[in-house]
Amino acid sequence: MGLLALGTPLPWDEARKHADQVRDLGIKALSRVHVGGRVTQLLQIWNKYRKNERDVLLWGDEIEYLVVAYDEETKNACLSLRQAEILAELAKDENLRKAGGGVPDVQEPADISEPLPTFHPEFGRFMLEATPGAPFGLTWKDLLAVEGNMKLRRAIAKEHMAENEAPITLTSFPMLGTKGVFTQPYYPSTGSQSRSQFIPDEAINPHIRFPTLAANIRSRRGMKVAINMPVFYDENTPRPFNDPTIDYDRRLYPEDDDVRNGAAKEGHIYMDAMGFGMGCCCLQITFQAKNITEARQLYDQLCPLGPVMLALTAASPIFKGFLADVDVRWNVISGAVDDRTEEEKGLKPQKHSRYVIPKSRYDSVSTYISQDPALRSEYNDLDLVIDKDIEQRLVGNGSRPPPCMNVGEVNVGSSGSLHHRCLGMDERLATHFAHLFIRDPLVIFQETLNESPDDKADHFELAWKNIQSTNWQHMRFKPPPPGGGIGWRVEFRSMEIQVTDHENAAFAIFIVLLTRAILSYGLNFYIPISKVDENMATAHRRDAVLTEKFWFRKNLFPPRKPVTNGSQTPAPSCPGTPPPVEDEYTLMTIDEIMNGRQDEFVGLIPLIESYLNTVNVDVVTRCELAGYLSLVSKRASGELQTGATWIREFVRNHPDYKKDSAVSQGINYDLIKTVEALGNGQGREAGLGDKLLGKPN
């Protein structure tokens, strides 16, 4: 969920005039600390928090739900557009509120305590996000509480819905954007914000930020977004396949010319709105590190895992009523928020644009940020596009500052001026932020521009979040917000949501335990960032978990310390020249990455098991953790199917399927009913979901 500020949003033609102003405010947000009871703009927000130690090690997950509504008379499973009404019911629940749950975006802060789940709006009016009411710690009790907490969230959400509604954890709704009725209530696709042929504006969260975001992305790029996913060719699929849902004769808006100008590709499923991407659900995990150094380390070490976990959690093989020849959502979302102009894509000579930008706002990470000595310069091998002026402001210009007086660790000139070089950010982190700031802010509220910074405590913070919250990379580095006790955080964002809470808990617990192994053993997952990009493309391929190989580091362990020769004098150490970077990694299957390759690669799950052997875990807890790790292991080996394979097989084995790649209303109804049943733990005794989850004990 993005930043939900209130105010009067500017249309893009006006917003673009203030983009530099918001960027400037965002930099000042990174520069805000309190001196003498007033807000003063010093160098970075990290200067206040960069030496924080002993922050509590906490983590939490975010589960996103689709809310479906059934029309039993017509046997149609639709998306319910009652998000606001459901959230209002949750917010009014006295018992939930007293126990710390509810809807923070609706309730007053004084109404919120701890620790039942909390619910939040999302871009789609048919979506809910749920998080634990309080972060989890690293106790075994907390780890084993994750699945129960997820089940509780699902049950609470259902209790506040209509009888014919249900929350399901499915990455993408198969019929979103089809020609039939796929929302309840029904609206025609004629809205002026997205101007989509397929999705009505009424399917967007009505909070003014979201339709403005959709409209400004479209306006900034000069055309509608164009998402083309390859169709899965089955026996009776027309060849060539030309998306039959497109109306080439529609002339409601100028952007309707897009399809006549070639926006839709042959052999592909064509989608034209932000809602196709931001209407997808995922599983995200956020960690609070003990300090900034650990946060940067986790950001870097988890980065190469992103594509691997995307493929391992693959769960979205259907888009707009057709089987696709991909298994994951990532490129759909990437295309759905791609606001780059043709100049920024390098398709036209630059006249009005400052940069040629290789990636969408929603894409893989482009640079590592740690100061770990293991980070060789060769790993950051992309030609990174940055705002050099902002980088210089963050690092400082290198000149000697005028005489300063000390305020804590920040130097303030005798005239009251602030000298950025006094505590400049290191170049690697400054480069990361300077890369984020090449993007324009997409939603600007008039009130923010009109206010004096001193009139509003979070004035700069809003500007910073405006940039940060619309850079959707597969990892997110999150500085502490001003005030409060929140530390440096890292968000792992690539995983697809799973059908059941057991699966979601398994993948969440796997990632948490892996971070403990990384920190305990000092593991090194570095590969060139360009190989992470290649892996992200590989992860999209159908059945990639079994049929593809991914670049991965051969040796995860740090160099051994020299042993002594029996005396008090350490044995000589000759580290020598490090090997060529290309010798440090190789192609591996996900089975090899997760379960190991005999005598060659240890495997991540054996590493976690080795870590568990070194800590005090009781037998019962160890057995329960083993059950979660077993699911991950069996997905990697192919013993259990991914969600994408299971869904694809469900469709292809359905009696109504005509082997033409098309998913009918009846097939969708049965699929959604089955997904709901599995999510509620039903049908397992009869064998439902055995290929997905294994046989029940």
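**Pocket and ring pairs**

Me: Which domains give residues to the lining of the second largest pocket?
Reply: Domain 2 (61–285 + 316–335) and domain 3 (497–559 + 583–693) both do, so the pocket lies between them. A pocket is an open set of 1 Å grid points where a 1.4 Å probe fits, with protein on both sides within 12 Å along at least five of seven lines; lining residues have an atom within 4 Å of a point. Domain bounds come from an automatic or database assignment.

Me: What kind of model is this?
Reply: A predicted one: local features need pLDDT of at least 70 and side-chain atom pairs 80 or more, while totals for chains, interfaces and linings use all residues. Numbering runs from 1 along each chain, and side-chain values use heavy atoms, without hydrogens or water.

Me: Which residues lie nearest the pocket centre?
Reply: Glu147, Thr500, His502, Arg684 and Leu693, out of 26 lining residues.

Me: Switching topic, how many aromatic pairs?
Reply: The structure holds 18 (Phe, Tyr or Trp six-membered ring centres within 6.5 Å; stacked under 30 degrees, edge-to-face over 60, the rest tilted). Phe477 and Trp488 are stacked, because their centres are 5.6 Å apart with planes at 25°.

Me: Are those two buried or exposed?
Reply: Phe477 is buried at 1% relative accessibility, and Trp488 is buried at 1% too. Buried means under 20% relative accessible area with a 1.4 Å probe, protein chains only.

Me: What about Trp551 and Tyr585?
Reply: Their centres are 5.5 Å apart and the planes sit at 85°, so that pair is edge-to-face. Tyr585 counts as buried at 12%.

Me: Which residues form a ring cluster?
Reply: Tyr299, Phe433, Phe477 and Trp488, linked by ring pairs.

Definitions and conventions: Buried means under 20% relative accessible area, exposed over 50%, partly exposed in between (1.4 Å probe, protein chains only).
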